[in-house]
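This report covers a set of charged side chains and the helices around them. Please look at the model first.

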Amino acid sequence: MTEIQPTSRETIPRDPSIGVAAIAPERDEQHENDWTQRLVLFLRVMAVISICKGLYHWAQITGFVGGEDDVFEVQSMAWQTATVYFAVIELVAAIGLWLATPWGAVVWLTTVVSMAVIELMFPAIYGGSLLIVSIEALLLAAYLGLAWMAARERPP
(Lines give C-alpha, C1' and ligand atoms only; values in the text may rest on other atoms or scores of the structure.)
Protein backbone atom coordinates (compact mmCIF):
# COMPACT_ATOMS: atom_id res chain seq x y z
CA MET A 1 0.00 0.00 0.00
CA THR A 2 1.47 3.30 -1.02
CA GLU A 3 0.75 6.56 0.66
CA ILE A 4 -0.29 9.50 -1.42
CA GLN A 5 1.43 12.57 -0.20
CA PRO A 6 -0.40 15.85 -0.48
CA THR A 7 1.20 18.40 -2.68
CA SER A 8 2.45 21.49 -0.97
CA ARG A 9 1.83 25.00 -2.19
CA GLU A 10 5.46 25.46 -3.04
CA THR A 11 5.36 22.73 -5.67
CA ILE A 12 2.46 24.27 -7.58
CA PRO A 13 3.59 27.08 -9.85
CA ARG A 14 1.52 30.24 -9.30
CA ASP A 15 0.78 32.97 -11.71
CA PRO A 16 1.36 36.26 -9.85
CA SER A 17 -1.13 38.12 -12.03
CA ILE A 18 -3.98 35.99 -10.70
CA GLY A 19 -5.11 36.89 -7.22
CA VAL A 20 -6.96 39.42 -5.17
CA ALA A 21 -4.48 42.15 -5.95
CA ALA A 22 -5.15 41.73 -9.65
CA ILE A 23 -8.87 42.44 -9.29
CA ALA A 24 -8.74 45.00 -6.48
CA PRO A 25 -8.66 48.61 -7.53
CA GLU A 26 -5.36 50.28 -6.96
CA ARG A 27 -5.67 52.66 -4.03
CA ASP A 28 -3.09 54.68 -2.31
CA GLU A 29 -3.32 53.47 1.27
CA GLN A 30 -2.02 56.74 2.66
CA HIS A 31 -4.98 58.67 1.24
CA GLU A 32 -7.60 55.97 1.64
CA ASN A 33 -9.62 57.73 4.35
CA ASP A 34 -8.87 61.41 3.78
CA TRP A 35 -12.51 62.49 3.54
CA THR A 36 -13.48 60.44 6.57
CA GLN A 37 -10.69 62.07 8.56
CA ARG A 38 -11.83 65.50 7.39
CA LEU A 39 -15.40 64.68 8.40
CA VAL A 40 -14.30 63.57 11.88
CA LEU A 41 -12.22 66.75 12.26
CA PHE A 42 -15.25 68.83 11.22
CA LEU A 43 -17.43 66.97 13.73
CA ARG A 44 -14.90 67.62 16.49
CA VAL A 45 -14.78 71.34 15.67
CA MET A 46 -18.58 71.44 15.69
CA ALA A 47 -18.50 69.64 19.07
CA VAL A 48 -16.32 72.39 20.55
CA ILE A 49 -18.59 75.07 19.09
CA SER A 50 -21.66 73.23 20.45
CA ILE A 51 -20.10 73.09 23.90
CA CYS A 52 -19.49 76.84 23.77
CA LYS A 53 -23.04 77.53 22.60
CA GLY A 54 -24.54 75.22 25.23
CA LEU A 55 -22.50 76.78 28.02
CA TYR A 56 -23.46 80.25 26.79
CA HIS A 57 -27.14 79.34 27.03
CA TRP A 58 -26.57 77.97 30.54
CA ALA A 59 -24.78 81.20 31.42
CA GLN A 60 -27.88 83.10 30.25
CA ILE A 61 -30.11 80.89 32.40
CA THR A 62 -27.96 81.23 35.50
CA GLY A 63 -27.31 84.95 35.04
CA PHE A 64 -23.56 84.88 34.41
CA VAL A 65 -23.96 86.93 31.21
CA GLY A 66 -26.14 89.94 30.54
CA GLY A 67 -27.23 92.85 32.65
CA GLU A 68 -30.13 93.38 35.00
CA ASP A 69 -32.50 93.86 32.08
CA ASP A 70 -31.45 90.49 30.60
CA VAL A 71 -32.25 88.36 33.64
CA PHE A 72 -33.76 84.99 32.73
CA GLU A 73 -36.87 85.49 34.87
CA VAL A 74 -37.94 88.71 33.12
CA GLN A 75 -37.67 87.27 29.60
CA SER A 76 -40.69 86.02 27.68
CA MET A 77 -41.81 82.43 28.09
CA ALA A 78 -40.85 81.71 24.46
CA TRP A 79 -37.31 83.02 25.03
CA GLN A 80 -36.96 81.01 28.23
CA THR A 81 -38.19 77.84 26.56
CA ALA A 82 -35.88 78.21 23.56
CA THR A 83 -32.90 79.02 25.78
CA VAL A 84 -33.41 75.97 28.02
CA TYR A 85 -33.93 73.78 24.93
CA PHE A 86 -30.66 74.93 23.36
CA ALA A 87 -28.79 74.76 26.68
CA VAL A 88 -29.57 71.06 26.91
CA ILE A 89 -29.54 69.92 23.29
CA GLU A 90 -26.30 71.69 22.34
CA LEU A 91 -24.38 69.84 25.05
CA VAL A 92 -25.95 66.51 24.10
CA ALA A 93 -25.03 67.17 20.47
CA ALA A 94 -21.47 68.06 21.49
CA ILE A 95 -20.98 64.66 23.15
CA GLY A 96 -22.30 62.79 20.12
CA LEU A 97 -20.27 64.91 17.70
CA TRP A 98 -17.04 64.41 19.63
CA LEU A 99 -17.58 60.66 19.58
CA ALA A 100 -18.46 60.89 15.85
CA THR A 101 -21.60 58.83 16.37
CA PRO A 102 -24.55 58.87 13.98
CA TRP A 103 -26.93 60.02 16.74
CA GLY A 104 -24.59 62.92 17.49
CA ALA A 105 -24.86 64.15 13.93
CA VAL A 106 -28.65 63.78 14.06
CA VAL A 107 -28.91 65.76 17.29
CA TRP A 108 -26.55 68.42 15.90
CA LEU A 109 -28.62 68.65 12.70
CA THR A 110 -31.69 69.09 14.91
CA THR A 111 -30.04 72.02 16.69
CA VAL A 112 -28.99 73.63 13.41
CA VAL A 113 -32.45 73.37 11.89
CA SER A 114 -34.12 74.44 15.15
CA MET A 115 -32.00 77.58 15.40
CA ALA A 116 -32.66 78.47 11.76
CA VAL A 117 -36.41 77.96 12.19
CA ILE A 118 -36.51 80.05 15.37
CA GLU A 119 -34.54 82.85 13.73
CA LEU A 120 -36.65 82.85 10.57
CA MET A 121 -40.14 82.05 11.79
CA PHE A 122 -40.08 83.44 15.33
CA PRO A 123 -37.92 86.57 15.15
CA ALA A 124 -39.34 87.90 18.42
CA ILE A 125 -37.47 85.21 20.39
CA TYR A 126 -33.84 85.85 19.39
CA GLY A 127 -34.11 88.73 16.94
CA GLY A 128 -34.39 87.04 13.55
CA SER A 129 -30.77 87.35 12.44
CA LEU A 130 -30.22 86.33 8.84
CA LEU A 131 -26.50 86.11 9.57
CA ILE A 132 -27.09 83.28 12.04
CA VAL A 133 -29.35 81.51 9.54
CA SER A 134 -26.67 81.88 6.85
CA ILE A 135 -23.95 80.51 9.13
CA GLU A 136 -26.14 77.56 10.14
CA ALA A 137 -26.94 76.83 6.48
CA LEU A 138 -23.24 77.01 5.57
CA LEU A 139 -22.32 74.58 8.36
CA LEU A 140 -25.10 72.24 7.28
CA ALA A 141 -23.88 72.33 3.67
CA ALA A 142 -20.30 71.68 4.80
CA TYR A 143 -21.41 68.67 6.83
CA LEU A 144 -23.46 67.23 3.97
CA GLY A 145 -20.60 67.71 1.52
CA LEU A 146 -18.05 66.06 3.81
CA ALA A 147 -20.41 63.20 4.61
CA TRP A 148 -21.06 62.64 0.90
CA MET A 149 -17.35 62.56 0.06
CA ALA A 150 -16.57 60.28 3.03
CA ALA A 151 -19.29 57.87 1.92
CA ARG A 152 -17.91 57.81 -1.62
CA GLU A 153 -14.42 56.78 -0.54
CA ARG A 154 -15.65 53.65 1.26
CA PRO A 155 -16.26 50.65 -0.96
CA PRO A 156 -19.74 49.10 -0.83
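## Salt-bridge network

K53, E90 and E136 are linked in a network of salt bridges. A salt bridge here is a side-chain nitrogen of Lys or Arg within 4 Å of a carboxyl oxygen of Asp or Glu. Searching the whole structure gives 2 salt bridges.

K53 and E90 meet through their side chains in a salt bridge (3.3 Å, N to O). This pair links distant parts of the chain: K53 is in helix α2, E90 is in helix α3, and they are 37 residues apart. E136 and K53 also meet through their side chains in a salt bridge (3.3 Å, N to O). E136 lies in helix α6 and K53 in helix α2, so this pair ties together parts 83 residues apart in sequence.

## Basis of the model

The model is predicted: local features need pLDDT of at least 70, side-chain atom pairs count only at pLDDT 80 or more, and totals for chains, interfaces and linings use all residues. Residues are numbered from 1 along each chain as its sequence is written, and side-chain values use heavy atoms, with hydrogens and water left out.

Helices (H or I, at least four residues) are DSSP runs, numbered from the N terminus.

## Burial of the charged residues

Buried means under 20% relative accessible area, exposed over 50%, and partly exposed in between (1.4 Å probe, protein chains only). E90 counts as buried because its relative accessible area is 0%. E136 is buried too, with a relative accessible area of 7%. K53 has 25% relative accessibility, so K53 counts as partly exposed.

## S50 beside E90

S50 is found in helix α2. Its relative accessibility is 2%, so S50 counts as buried. The S50 side chain makes a polar contact with the side chain of E90 (3.3 Å). A polar contact is a pair of N or O atoms within 3.5 Å; within protein, one must be able to donate a hydrogen and the other to accept it, and residues adjacent in sequence count only if both atoms are side-chain atoms.

Setting aside neighbours within four places in sequence, S50 is in contact (heavy atoms within 4.5 Å) with E90, L91, A94, L97 and W108.

## Helix α4

W108 is one of the buried residues in α4; G104, A105 and V107 are also among them. The buried residues of α4 pack against α2 (34-62), α3 (77-98), α5 (123-126) and α6 (130-153).

Helix α4 (residues 102-121) has 20 residues. The expected span is 1.5 Å times one less than the number of residues. That gives 28 Å, and the end C-alpha atoms are 28 Å apart, which agrees.

Notes. Helix = DSSP H or I, 4+ residues; strand = E, 2+ residues; numbered from the N terminus.
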